[in-house]
Amino acid sequence: RSNMYIKTKADIGDTTYFLANNKVITTVIKDIAIEVTEQTSQFGPEENIAIYYDTNKSNKVHKKDIFLTKQELLDSL
């Protein structure tokens with residue numbers, strides 16, 4: 001089996017931005033959770049990788065919803 005390299009969008013300690021209740025939330029990354037599961041498709045086994053950024057006990061933000069600048073978040077809308 002080969003090595004797996006996972007590149008994260010942000011690092012622990014980075015200030016990031018996400019949208020919650022139609023408001024821009026500014027927060028600092030406290031923890032990064034990476035979930036790797038193996039799925040079987042018609043083409044054989046493949047890995048499904050999900051990366052979540054934890055900012056506190058109530059915020060677990062998926063990588064697609066977190067931005068490194070406020071402008072990046074606004075441009076995504």
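Reader: Why does E35 count as partly exposed?

Author: Its relative accessibility is 37%. Buried means under 20% relative accessible area, exposed means over 50%, and partly exposed lies in between, with a 1.4 Å probe and protein chains only. E35, at 37%, therefore counts as partly exposed. The model is predicted: local features need pLDDT of at least 70, side-chain atom pairs count only at pLDDT 80 or more, and totals for chains, interfaces and linings use all residues. Residues are numbered from 1 along each chain as its sequence is written, and side-chain values use heavy atoms, with hydrogens and water left out.

Reader: What makes K60 and E35 a salt bridge?

Author: The rule asks for a side-chain nitrogen of Lys or Arg within 4 Å of a carboxyl oxygen of Asp or Glu. The closest N and O atoms of K60 and E35 are 3.6 Å apart. So the pair qualifies. K60 lies in strand β5 (residues 59-62) and E35 in strand β3, so the pair ties together parts that are 25 residues apart in sequence. Strands here are DSSP runs of E, at least two residues, numbered from the N terminus.

Reader: How many salt bridges does this rule give?

Author: The count comes to 2. D65 and K64 also meet in a salt bridge, at 3.2 Å, N to O. D65 is partly exposed at 35% relative accessibility, whereas K64, at 58%, is exposed.

Reader: How do you know that β3 and β4 pair?

Author: Two strands pair if DSSP finds at least two bridges between them. Strand β3 (residues 31-41) and strand β4 (residues 44-56) are joined by 11 bridges and run antiparallel. So they pair. Q39 has E46 in β4 as its bridge partner. A hairpin of 2 residues joins β3 to β4.

Reader: Why is T27 called buried?

Author: T27 has 11% relative accessibility, so T27 counts as buried. T27 lies in strand β2 (residues 23-28). Beyond residues up to four places away in sequence, T27 touches D14, T15, T16, F18 and T55. Contact means heavy atoms within 4.5 Å.

Key: Helices (H or I, at least four residues) and strands (E, at least two) are DSSP runs, numbered from the N terminus.
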